[in-house]
Amino acid sequence: METALRNMTDAVAHRGPDAAGYWVDREAGIALGHRRLSIIDLSEAGAQPMHSSSGRYTLVFNGEIYNFRELQTELNNSGEAPSWRGHSDTEVLLACIEAWGIETALKQCLGMFAFALWDGFKRHLVLARDRLGEKPLYYGYIKDTFVFGSELKAIKAHPGFDSKISRGSIALLLRHNYIPSTHSIYEGINKLPAGTWLEIQAPLGTLSRPKPYWSYKEVVESGARSLSTLSEEEITLELDSVLKDVVRSQMMSDVPLGAFLSGGVDSSTIVALMQQQSGRPVRVFSIGFEDGRFDEAKHAAAVARHLGADHTELRVTALDALKVIPDLHSIFDEPFADSSQIPTVLLSRLTRKHVSVAMSGDGGDELFGGYNRYLLAPGQWSNVAWIPSPIRRNLGRIIENLPGPLMVAAQELLKMVLRRHGQSPDLAYKMANIVSKLQHARNIDDFYVLVVSEWENASDVVKGSGDPKSLLDERALWPKLESPEARMMALDAITYLPDDIMVKVDRASMSASLETRAPFLDARVVEFASRIPLGLKISHGRGKRILRNVLGRYVPAAITDRPKRGFDIPIDDWLRGSLREWAEELISERRLIVEGFFNPAFIRDVWRQHLAGERNYGRRLWSILMFQSWLAAEGSAT
């Protein structure tokens, strides 16, 4: 048992390079291991696994509790506090659980976390995950042994691991570009959903279903019923105050701290609030690309200069970015196909050279209406919804099947129009993608699902995958909100945010032993944002109106006022150029036939069209390539 525990714990040493801890109770059949990234209380008093003062509970904990000092004060005032041994949030969490029980403690804690708690009295194990899924937690059975870990590589390090690849999960990957909770790439290994906890009786008792202690769906539905009636100026001031408090609480650290800065609204707001509350220049970090279409470094530099932040920038060439690709399978542990993973890895490596903790602007788009689909999709749908569906389907097919040269010419014309109107030319592909999907939609909700799906026919592409479902297929579980924009934002926060954005940021940063924090994902911000009227988020074809108001208190609009652009790379061009040979080898017809996961005809036709310039299918191909690259590293085709 001890050898397996050490192997599993050491497999995630990058998540905690500062120390390792192990605890085994052979009689109970329980073993807990921990790797420590020391952020709060660097002394031995903060080491894990940590035992409660009574000895009843033993905890391994990944993350931060931002309000732990307030909770500690509450325990002290109530007379329920133990005799404190140190000043770590882990010790406070244990004391809260001992005083109030697991569910109440979870509801009181504000932070990002995943943890395992052994109750020696009841002889059961509890697993729990934070509200928005900032920190990961996998679990499942290896024969008769229950295992869990922050990453799959910990579970795979168990000597009995032999799980098969899930073909249904491959289809979900092709559809979403990520594998959604509760699925993983392996059969029998699950992800604990955000905002839930579960328990299992030792040594091999009944495993409970994940139980929610907080629900984003309930928060936004409640917010919609109690929208703020304050003026725009009053809401701006309140949001500024809430964000300022949250940023202050997340700046707590016993090690150097900085921030990612792209120069966009979200990261600029976080940095502005950090700098406003700091007695020294805040360390900020940016990536600059030699390809001007994807370079936002000059905007970040302008924001940093205005705020007086200490700015470090890394200029990245295509070769620098391409060198990351061989590491992706190891960093992400299961196939993951958001190509912005590459610059995120590079940014994390740069940042870790200077600080141990970095703040990010993640969550701003979902909370305040930043993604282009919120602006484009409802309008596109309203323009065609009146057309009878048979005619709409025929028009969609015509657009979708335009000859390659005509499609390329249409997109180039659209790019020119967008530039003249001050919009990002990158929108051309997204708009063409939206229009081509009109043919399959019966209503605006269908339209949204199609817009956020890459391969609509993924089950046909993956052999033997069946028809796997994700939350987007369970309409009865969707938030009940009147406006389509509000539904899209909420669904993105429930699905895309934890399973794509937070996976990307967590794995990329932790591979460099860097902790990231996302103030927008604090429950106080989420709950406040849910009560802001939609018109103060999306207005006159632009998103984040109220957040722009807050930022405008610190940074002139002229510096940050520009079209929305994601953290992208020129993947379409790379696959026709420097990545062509690598991709061709991974998706050769011979290889696809031998491995047996895909129907080669679908993939080879998409590859042909992409190389010929008939379509830009880089995003669609990236999901295939990330699986193939991961599979090659696995060394098996099950």
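Q: To begin with α9, how many of its residues are buried?
A: This is a predicted model, and in it 11 of the 12 residues of α9 are buried, so that the helix is mostly covered. The buried residues are V265, D266, S267, S268, T269, I270, V271, A272, L273, M274 and Q275.

Q: What span should α9 have at 1.5 Å a residue?
A: The 12 residues of α9, 265-276, should span 16 Å, and the end C-alpha atoms are 16 Å apart, which agrees.

Q: How many helices and strands are there in the protein chain?
A: The protein chain has 29 helices and 16 strands. Of its 638 residues, 58% count as buried.

Q: And what share of the contacts join residues at least 24 apart?
A: That share is 72%, taken among contacts between residues at least 6 apart in sequence.

Q: Turning to helix packing, at what angle do α8 and α23 pack?
A: Helix α8 (residues 232-250) and helix α23 (residues 545-552) pack at about 70°, and their axes are 9 Å apart. The two helices are therefore roughly perpendicular to each other. The crossing of α8 past α23 is right-handed.

Q: Which residues make the contact?
A: From α8 the contact uses E232, I235, T236, L239, D240 and L243, and from α23 it uses R545, I546, L547, N549 and V550. By class, the contact of α8 with α23 has six nonpolar, two polar and three charged residues.

Q: Next is α28; which of its residues are buried?
A: P600, I603, V606, W607, Q609 and H610 are buried in α28. These buried residues pack against α20 (458-461), α25 (571-576), α26 (580-586), α27 (589-595) and α29 (618-634). Helix α28 itself covers residues 600-611, and its 12 residues reach 16 Å from first C-alpha to last, close to the 16 Å expected at 1.5 Å a residue.

Q: Which residue takes a positive phi just after α28?
A: That residue is G613, with a phi of about 80°.

Q: How do α28 and α29 cross, left-handed or right-handed?
A: The axes of α28 and α29 come within 10 Å and cross at roughly 135°. The two helices are therefore oblique to each other, and their crossing is left-handed. The contact is made by I603, V606, W607 and H610 of α28 together with G618, R620, L621 and I624 of α29. These residues divide into five nonpolar, two polar and one charged.

Q: What about α6 and α29: within what distance do their axes come?
A: The axes of α6 (residues 167-176) and α29 come within 8 Å, crossing at roughly 145°. This crossing is right-handed. The residues in contact are I170, L173 and L174 of α6 and S623, I624 and F627 of α29. By class, five are nonpolar, one is polar and none is charged.

Q: A change of topic: is D500 buried or exposed?
A: D500 is buried, with a relative accessible area of 2%. The place of D500 is in helix α21 (residues 484-510).

Q: What is D500 in contact with, leaving aside its neighbours within four places in sequence?
A: D500 is in contact with Y178, F336, D338 and T495. D338 is 162 residues from D500 along the chain, and their C-alpha atoms are separated by 7.2 Å.

Q: And where is Q72?
A: Q72 is in helix α2 (residues 68-78). Q72 is buried at a relative accessible area of 17%. Beyond its neighbours within four places in sequence, Q72 is in contact with W84 and V92.

Q: On the backbone, which residues does the cis peptide bond with omega near -5° link?
A: That cis bond runs from Q48 to P49. P49 is in the loop between β2 (30-36) and β3 (50-51). Another cis peptide bond joins S181 and T182, with omega about 10°. T182 is in the loop between α6 and β9 (189-191).

Q: What is the phi of K143?
A: K143 has a positive phi of about 55° although it is not a glycine. K143 lies in the loop between β7 (138-142) and β8 (145-149), and at 68% relative accessibility K143 counts as exposed.

Q: Does S513 count as buried or exposed?
A: S513 counts as buried, at 11% relative accessibility. The phi of S513 is near 60°, a positive value in a residue other than glycine. S513 is found in the loop between α21 and β16 (515-517).

Notes. Residues numbered from 1 in each chain as written. Predicted model: local features only at pLDDT ≥ 70, side-chain atom pairs only at ≥ 80, totals over all residues. Heavy atoms only, no water. Axes fitted to C-alpha atoms, helices over the stretch in contact; angles between N-to-C directions. Helix = DSSP H or I, 4+ residues; strand = E, 2+ residues; numbered from the N terminus. Parallel < 35°, antiparallel > 145°, perpendicular 65-115°, else oblique. Left-handed = near helix turned anticlockwise from the far one by under 90°. Contact = heavy atoms within 4.5 Å. Nonpolar A, V, L, I, M, F, W, Y, C, P; charged D, E, K, R; others polar. Expected span 1.5 Å × (residues − 1). Buried < 20%, exposed > 50% of the residue type's maximum accessible area, 1.4 Å probe, protein only.
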